[in-house]
Structure formats: structure tokens, C-alpha cells
Amino acid sequence: MTNDQTSPPPAGEPSSPRPTLAEKASLTSGDGDFVTTALVRVGVPAVTLSDGPHGLRLPKEAGDGGQVDLHSAAPATCYPPAVAFGSGWDPELAHRVAGALADEATAHGIRVLLGPGINIKRSPLCGRNFEYFSEDPLLTAELGGAMVRGLQESGVGAALKHYAANNQETDRMRVSADIDERPLREIYLRAFERIVRRDRPWSVMSSYNAVNGVTLSENTRLLTGILRTEWGFDGIVMSDWGAVRDRVAALRAGLDLQMPGTQGRTDREVIAAVTDGSLDEAVLDTSVERLVRFARRTADADRPEPRMSVEDHHRLAGQAAERCVVLLKNDDGLLPLDPAAGSVAVIGELARTPRYQGAGSSQVTPTRLDTPLEALRAHADGARVDFAPGYTLPGAGPAGDGAGGEEAEEALEGDASLAGTAVRLAAASDTVLLFLGLSVHDESEGFDRDHIDLPEAQLRLLDAVVAANPRVAVVLSNGGVVRTDPWHRTVPAVVEGWLLGQAGGGALARVLFGQVNPSGKLAETVPLRLEDSPSHLSFPGEEGHVRYGEGVFVGYRGYDAAAREVAFPFGHGLSYTTFAYSGLRVTPDEDGARFAVALTVANTGTRAGREVVQVYSTGPAGSPVARPPRELRGFTSVTLAPGESREVVVHVSRDDLAHYSEREGGRRVEGGDWGIEAGASSRDIRQSAVLPVQGDPSHLTLSGRNTVAEWLAHPAGGPLLMKAFAEGRAATGGGPGAMENPAIRRFLAGTPLDVIAEFPQSPVRPEDVVALAERAAERTTDSGARQRG
């Protein structure tokens, strides 16, 4: 659409009025904080947007003094944030919750929810980790993709965010994430690619940061070259709020919608650029076409009438929270507690003033809030439940729990006095449930954490309580991992409760009393020390740049490659029952595009339970490619009664074994014997098998600058070079060649072929190298054509 013309309508459809240049420019920015611009005259509706990764957040007006209130203007169901959902390993549940989010969005006239967030947890210090699922791109893609499908199948668009490499809050508006191509492709873009190709989100939100020096909003390579040309994305790219610096440059790069609105300022910039010829109007027209299609898609989507009640949504939030609880440790079967007998000391302000969501733009005003203390008392059926706050939470006054004002007065006496009262209660009780965790002051959007330790007052309380009564189960509430060493060695039970949403208190009570068998598995590693984190020495960077120096060795990939001891590994999570694995079989499909990993899982304990079976791969022995010891390739779950066994099958795509080769300019599967493993965590491998895999042909264009090793590894170049060496020796009457001597062959492996050709004794001459390169290219082209045929 150029010269103020719209594209011609399909045959049989009436033509729309033609937008003016000013009208086209107006579509490229918002009409307010959370609404796009409508063009009533040409039939383009406005689109209402809302934050909503784990619950609807309707924006409020600025309060007294112009201060923005980040809570929702209306109550909405607060589901567990992504940090908890990641530990559920349950795409079907994520799909159901996304459908419920769409239900509430429709009731409020919201057409697009700003989420899910699928950035990778590169460092445990990232202040926004509570909004992201995992340190692993496959798990992230499966959960994030399920949410995209759940939203859009219910007629509400998803805004996949934050694209891309948005892995810290420090200097988040400007910092350049400097990343080599392989980790960029394999780790930080992989989940985006998988979801865009498979689940077709209606929009993608670009992030604040730059990648390799180019701001995302102006990054043509990422917004157009990779996202649209390579992956086939057909939706719009919108900016994160306030992320655009140069509107005209962003438009050229492929950023369609700037948010929030700029009261016409950037529209005038676009008009001026088109008028003076510095912006081709065809570029504007391309974005306008996408924006019109997006607006009409959201308006015409089939949205069922809201059908779930507030109580139905709260119940679903509770089911989701149950799935997300991770039992990290349970020595001597301390848990579950008997709800009908004994005395339980509930200690910790977080038990009655829970943290159930993160801080920042995702804050939801819940429809109701279940606290762990109230829920424990409600679920106790004869057991006595007493409470002591033990410590205060910064910025959180004591909330009444129905026990009168005595506890509220205690909370004002100071942590020392509160701790003394808590210790006396612990000594007088059969078992202690000690609630520890982080406050909103410790982690939030907008800043990164300085450490991963629990507050000092809580650690002192823990030591005193354990000394008074060793029967302690620690229940954690946190949006990012916390250091558990050395204290986790001194307590018999540890429960990771993350941030569990508005129904998390009831979910914790049901798990602790055994009405629900925990089945959560860690979606990120819990290190012994912050210093052990693979990103530690290059986070958060300096002077506007952060170097991703760990490469592909992110999270468990890095801990495992360095053989570092960890507190709790990726994928770990216990149950109140036990499971045995047997009979692993790996069967490729006929065309070799996928392979099925089948095994039998048996419940060998006394309770019904759910087990998450994780499938990992290990690369071929002797591979020149730097790889982690294992990488997650698929997972499934199975629920079994005591004594029951069942076969489970995980399908893995052969393409998922590929690494990104910068030299070859694309993804490539390496041939050889691959290890296929099934386990209960990345460090609890139960079964393994060997899978022979035929490698992809090399598409490397050889030249004299390639080393001998690279020539010999090339399917066409290797045989040609060996033949040339043999013929060259024969022509000169030479004896056994260098390539037959392992020591010399290794010595020469890293030497470019054109350097070897310059030596007088070389069996190949410089002119031979040119001819060999041409013949290798011909054979590579012929081989590729035969494979395509």
C-alpha cells in the first residue's frame, strides 16, 4: 500500500476506504497505555491489551502525586507465576490455565494478554526470574507454547516476550547482551523459534536490551531476518513499554507497534520521514498491513462467552499450585504430617502474610487469598496447629489470622523477641513447619538481586529452631532460587513453594498433610553457592555490555559440564511414593525424522503418585563439538496407583539433536552413536541406550584457509584430499605419507591446507588446493541435490 492506497481486497469483497499517510502513521503507535489506535473510517478496530502472564492486570490511573499503582484496577484470579509453573512440567495444565486467563480477559474486553514470558534463567540473580519458566529452552517452549495455544484457541491473542536475550534487570533499558551465534541460537532463541513455528502467536514483544550492540527495537536481523524470514512469523512485533529510541529506524527494522502511545510525536516523525524520502512508504505500508490484519484478527476471533465462575478459577489456581510444589528433601519420611494427631508449630510470618506473586508490572489484585496458616488450621483434623511469626517482613504489617491481637503485638517487638517466642513454641511441639523466604524488597522487576541468601534474621531463627526441635520441615517462598547450603543438611525436610498464586496456601496445606502427593520437579538448578553459577563471572556486565561468556553452558548444562556439586539438580523432585524405571527402548521412525523413547515406570511405594520422566541425550564420543554432558530432549508424566506400572513413550525429533554451526551457517546433526537417557533429574539417570544417528552432510565451502582436520572431516573434501596426498607421494616416489602417521597427522590437523601446500615436500601444490576446493564444492552440491530428490 503506497501513495495512500490500501492493498486491493480479495475478489468478491467490498473495498475499504483508503487511509491517509497520517492515518497509517497513527496505527504504528498506541492510542494510550494499553490500547492500540482505531481507524473507524477504514474499519480498523482498536485492540485492548493487558499484562497477564499469570493473571489479568487492568491498569489503574496514577495515584496521589502521580505515583503509578501497579496492582490491577479490578480483581482477577492470580495463578502461580511462571517460576512455579516451570516446576509443574505440565503443558496440559498450562493450556487449561491459559484458557481460564482468556475467559477472564474476554469478560473485561481484553483482546491480547502480554505474555507468556519465555526468557531463559541465565543467572539466579535476575530480579525477574519469577516471570520465566526455566533455565532450559525445551521445557520453556513446551510450557510457553501450551499457554499460547490455550489463549488463542479461546480467542485472546498472546504476546510472546521478551524477544530476545532479556536475562537481567541491571541497566535493562540499554545493556547489550553480547552473545556468540551458537548460544544465541541454541539457548536464547530456541524457545522463541519453537513456539513461533509451531504455535503461531499473534504478536511478539521486543525487549529493552540490545543484542551484540544493536537495540532490539531497531534490530533488523532479529526482527525481520530471523523472526519473519527464517521462522515465518506472520503477526506483529510490538515494543516493550518505552523501549523505542528511534521510531523510524525501528519501523525499518520490522517493529510494527510502539507502546505506549506517544500522543502523536512519533507519528509525526514517521510522516516527516516518508515526506522527505528518508523512509520508503512501502516499509510503512508493510507494517500497516500487519497491524490491520492483527486488529481484525483479534476483533473477529471466536471467543466463547465467559463460562467459569470466580470459584471455578480459584479452584483451578489451587490445582495448578499443587502441581508446582517441589519436595526437595524428606529424610525419614517426616512429611506428610498426620492431620489427625500431634502438635504442629507453624513458624514464620510468611505463613500468614504470604508472598504469592512477583513485584512489578505483573501484579494482580486477587479475587481472594488463601494463606498457608489459615489453610493448615482448616485442614487439620485433630492435630493442634499453633503459630509464631518468628520474624518481620519488610514493608508488610502483620495480617490477622483469626487468633486475636496478641500475635500482632508480638510482631512489633522486634525479630529477637519474636524468635525467642518461636523457639519456645518449637520446643513444645511435635513437629515444626518453618516458613522462610524472600520479601518484595529482595526481588522484583526493575533490579537484580545482590545475592541468593535468605535474610540473616531468618537464618538465625532456623538455627535456633533446629536446636530446639530437630523435626523441622522448611517451606520456602521465593521467586528465584535461594541458597540452601549448609542449612539444608541439618533439617530433615525441605519444600520449595515458590510463589504459588492466590490459592497457594491451600495447596501447601494439602501437600504437607498428604492429601496431595507432590510431583513438582525443579526447572532450574539450586547451586551450593552463587559463585558456582556458570554465568557468575560475567553477570551483569559493565559499561553497557554483558558478555555471555559461558556460551551454551547455561544452568544444568554448565554445572554438569564442570562436574560441580549442587544442592539440588535440574529436574529433581521427590514424592511420598517411589518409582522404578525399566526396559528402555529407542525406536526410530521409518524416515528417521523422529525416534520414540519407550520405558516402563512402576510405582513401588504405598501411595498413588505422579512421576515426570525426563529424556536426555548425550553426544557422540570424541565429538569436536563442545557439548554439555546431557541435554533435555523431551519429557512426559504418568500417574500410578501403588503397585501399578505402565509404559510411557516420549517422541524426540532428530532435528532437536542438532547444534548450531557458525562455520556451516545453520543447524547440523552430528553423526555417530548418541546416548539416550531416561531419568528423574539431570543427575538421576535410571536407564540408557545407544542410538546410531546418521549425520547431516556438510555444506561447508572448503578453501585453502580450512585446516587439514576440517578437510578430512568433510564428506566430499576428506576423500579427495587423501587421494591427492596419495597421488602426490606416488608421483614423487615418496614413501608412507604424513596422514598415515598418527602423531604427524595430529600435528598437522590445525594447519590450513594452503600453508602445507607451500612446503617443498608437500604432496599437494597451491594450484592443487584450488582444484580440490572446486571439486569438493561440486560433489557437495550433487550430494545435496540427490538428497532433496
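Strands β12 (residues 431-437) and β13 pair in the parallel sense over six bridges, where pairing requires at least two DSSP bridges between the strands and strands are DSSP E runs of at least two residues, helices H or I runs of at least four, numbered from the N terminus. V432 stands opposite V472 of β13. Between β12 and β13 the chain passes through helix α15 (residues 456-468), and this β-α-β crossover is right-handed, that is, with the strands pointing away from the viewer, the path from the first strand over the helix to the second runs clockwise. This is a predicted model, in which local features need pLDDT of at least 70 and side-chain atom pairs count only at pLDDT 80 or more, while totals for chains, interfaces and linings use all residues. Residues are numbered from 1 along each chain as its sequence is written, and side-chain values use heavy atoms, with hydrogens and water left out.

β13 also pairs in the parallel sense with strand β14 (residues 493-496), over four bridges; V495 in β14 is the bridge partner of V475. Six of the six residues of β13 (residues 472-477) are buried, so the strand is largely enclosed by the rest of the structure; buried denotes under 20% relative accessible area with a 1.4 Å probe, protein chains only. In a regular strand, side chains alternate between the two faces of the sheet. Here V472, V474 and L476 point one way, and A473, V475 and S477 the other.

β13 and α16 (504-512) each supply at least two residues of the lining of the second largest cavity, with α16 giving the most, three residues.

Technical notes. Buried means under 20% relative accessible area, exposed over 50%, partly exposed in between (1.4 Å probe, protein chains only).
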